[in-house]
Amino acid sequence: MTLSPWLPFRSLSGWVPKDINGDIVAGITLAAIAIPEQMATARLGGFAPEIGFFAFVAGSVAFAVFGANRHLSAGADSTITPLFAGSLALLATTGSPHYLALAGVLALLVGLIVAVSGVFRLGWVADLLSVPVTTGFLAGIAIHIIVSQLPGLLGLPAETGETLRRVGEIAENLHLTNPYSLALGFGVFAIVFVAERMSARIPGALIGVVLATAAVIAFGLADRGVAVLGALPNGLPRAGLPLVSLDDARALIPLALLIAIVVMVQTAATSRSFVSQQGDAPDVNRDFIGVGAGSIAAGLLGAFPVNASPPRTAIVAQTGGHSQLASIVAAAIVLALGAFGGNLLANVPQAALAGVLLFVAQRILRWQVFANVYRQAPVEFALIIVTMVAIVALPIQTGVAIGIGLSLLHGIWSATRTQPIELAKVHGTSIWWPPAAANIGDQLPGVLVAAFQAPLSFVNADRFKLGVRGMIDARRGSLKLVVLEASNVVEIDYTAAQALIETIAYCQSEGVTFAIARMESLRAQAALARFGITDLIGPQHVFHSVDDAVRTLHSSQSPEKQGSPT
């Protein structure tokens with residue numbers, strides 16, 4: 001069946017009955033992966049394990065209805081959970097009804113921001129974080145996860161507060177380590193690690209948790225100090241608006257904005273990495289709507305914000321899933337366990353869930369990116385380190401804000417470094433190219449071909465103007481023609497337009513003809529007309545190629561034939 005792009009269940013577009021077997025297998029596999037992961041992520045945030053199940057169900061079903069990607073899995077996610085858990089703990093006692101209500105309101109706010117961003121096609125927001133900053137951000141989150149799970153792994157009392165203080169307290173209590181908890185946690189970690197190396201389809205986390213639970217029962221480890229979950233309450237989630245004060249809701253808005261940006265970045269990356277088998281282009285904005293709807297549904301079910309999961313999405317794609325029916329099957333299994341299987345989870349050791357999260361932490365540490373950036377871009381490697389340290393040493397929401405700020409500043413700094421360069425004509429061709437040491441090219445007498453390899457905007461307008469003027473001054477008296485090669489100028493804002501107008505006026509005052517060539521961007525062409533630049537130089541001085549401009553104007557066009565500046 002083929003559905004309109006704006007109707008619900010677009011993620012089922014193209015589905016045919018023969019796809020059902022693949023979707024069922026993928027759904028069962030996804031559930032096997034998600035069950036221990038969702039329990040562990042819920043505990044990471046200070047929630048009961050069944051809350052993680054409800055978050056997964058809400059994210060999966062809502063995305064199937066409102067999203068576009070056929071494989072994307074939405075649910076509780078260890079990337080964002082530490083971000084909001086620490087902030088919520090400053091407003092309410094972890095696990096209290098007030099804490100749960102705040103998490104629900106946060107889910108509603110995050111979902112609303114992400115969904116509205118999709119409606120208004122703000123997918124470009126996902127590009128605000130550079131790869132080095134994202135890598136540092138994930139490294140900081142990984143450290144938070146490790147520190148938060150060490151007490152459960154070692155069988156020590158749970159610690160709260162700032163990360164560095166928690167590390168000190170854990171070090172002081174190392175002599176109290178429970179060896180059984182440690183063995184169970186590392187055993188689960190090893191099983192998950194080996195299983196993933198063998199095949200991503202093997203539910204290593206589920207196997208490890210089941211074996212650890214069997215060990216607790218068989219050897220009576222609960223009586224030897226191994227902490228277990230205990231029986232979970234059976235029952236379906238109850239839908240309703242979480243109730244908090246207006247002051248509490250206002251206090252959550254900055255945090256919701258930060259979480260929403262992280263969710264959009266990860267959703268966009270997942271959507272672009274796992275396109276449909278039919279070759280459809282990723283619809284990031286529609287997927288924002290789906291993931292945003294998932295958070296809204298989670299908030300109404302008393303859970304917390306959800307996010308797209310690249311690993312779980314890969315599982316659906318690799319196990320033959322054809323549509324979001326796989327996620328619906330997984331959601332049904334998880335919901336059944338949360339509603340009726342609470343007693344089955346009573347003897348799950350907390351150390352086993354800690355082992356699962358330790359594996360997640362090491363997986364999101366992008367060691368290869370660390371090495372590549374260090375080797376190829378040392379300045380950007382500093383962004384990784386600064387972002388990571390900020391996430392670990394400062395309140396986590398402050399660290400995230402610093403990371404986003406660094407990413408934006410780095411982008412602006414890169415744009416401001418752009419300088420106009422002079423091109424030379426490659427021997428025997430009509431191509432104009434930056435001269436290299438091995439091939440200087442031809443510099444035609446009286447002709448300057450200048451290129452600017454970035455959008456023209458307020459951040460680099462002055463560099464453009466001064467750079468071109470410097471080139472003109474260096475050849476004053478002999479220069480007759482300046483051609484701006486503008487293939488990389490995809491945008492021109494007001495400040496840059498004034499700089500370009502001043503540059504043209506300077507050329508005219510020096511008796512030099514000014515032309516523009518290869519401006520391929522429709523937005524930049526529209527800007528030339530809007531700011532009066534086309535009229536200023538004359539439409540006949542806008543060319544499709546540099547060679548056309550030089551051939552036409554070098555010998556036949558006199559400076560006096562150009563218009564005068566206005």
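Two strands count as paired here if DSSP finds at least two bridges between them. With that in hand, let us walk through this predicted model, starting with the whole chain and then moving to the sheet, the helices and the aromatic rings.

## The chain as a whole

The chain holds 21 helices and 9 strands. Its C-alpha atoms fill a box of roughly 95 × 60 × 50 Å along the principal axes. Of the 566 residues, 52% count as buried. Among contacts with a separation of 6 or more, 81% come from residues 24 or more positions apart.

## The sheet

An open sheet is built from 5 strands in the order S3-S6-S7-S8-S9, with mixed pairing. S3 and strand S9 (542-543) each have a single partner strand and stand at the edges, so one side of each is left without a neighbour in the sheet.

S3 and S6 run antiparallel and are joined by 2 bridges; glutamate 422 stands opposite alanine 450 in S6. Towards S7, the pairing is parallel, with 5 bridges joining S6 to S7. Here alanine 451 stands opposite glutamate 485 in S7.

How many of the residues of S6 are buried? The count is 5 of 5. In a regular strand, side chains alternate between the two faces of the sheet.

Helix H17 lies across S3, S6 and S7, and runs at about 160 degrees to S6.

H18 in turn lies across S7 and strand S8 (513-517), at about 140 degrees to S8.

## A covered helix: H13

Helix H13 (residues 350-364) has 15 residues and reaches 21 Å from its first C-alpha to its last, close to the 21 Å expected. H13 is mostly covered, with 12 of its 15 residues buried. Among the buried ones are Leu353, Val356, Leu357, Leu358, Phe359 and Ile364.

In soluble globular proteins, nonpolar side chains tend to be buried together. The largest nonpolar core of this model has 104 residues, and Phe84 and Phe304 touch the most other members. Helix H9 (residues 246-273) gives the most to this core, with 12 residues. A second, separate core of 35 residues includes Leu479, Tyr506, Phe531 and Leu536.

Leaving aside neighbours within four places in sequence, phenylalanine 304 is in contact with a list of residues that includes Phe47, Ile51, Thr81, Phe84 and Ala298. Ring pairs also link Phe304 with Phe47, Phe84 and Tyr99 into a cluster.

## Aromatic pairs

The structure holds 11 aromatic pairs. A pair of rings is described by the distance of the centres and the angle of the planes. Two pairs are set out below.

| Pair | Centre to centre | Angle between planes | Arrangement |
|---|---|---|---|
| Phe189 and Phe193 | 6.1 Å | 20 degrees | stacked |
| Tyr374 and Phe381 | 5.0 Å | 75 degrees | edge-to-face |

Phenylalanine 189 and phenylalanine 193 both lie in helix H7 (residues 179-198), 4 residues apart, about one turn of the helix.

Tyrosine 374 counts as exposed because its relative accessibility is 56%, whereas phenylalanine 381 is buried, with a relative accessible area of 18%. The cut-offs behind these labels are under 20% for buried and over 50% for exposed.

Terms used. Residues are numbered from 1 along each chain as its sequence is written. This is a predicted model: local features need pLDDT of at least 70, side-chain atom pairs count only at pLDDT 80 or more; totals for chains, interfaces and linings use all residues. Side-chain values use heavy atoms; hydrogens and water are left out. Contact means heavy atoms within 4.5 Å. Axes are lines fitted to C-alpha atoms, for helices over the stretch in contact, and angles run from 0 to 180 degrees between N-to-C directions. A nonpolar core is a set of buried Ala, Val, Leu, Ile, Met, Phe, Trp, Tyr and Cys residues joined through side-chain atoms within 4.5 Å. Buried means under 20% relative accessible area, exposed over 50%, partly exposed in between (1.4 Å probe, protein chains only). Rings of Phe, Tyr and Trp (its six-membered ring) pair if their centres lie within 6.5 Å; planes under 30 degrees apart count as stacked, over 60 as edge-to-face and the rest as tilted. The expected span of a helix is 1.5 Å times one less than its number of residues.
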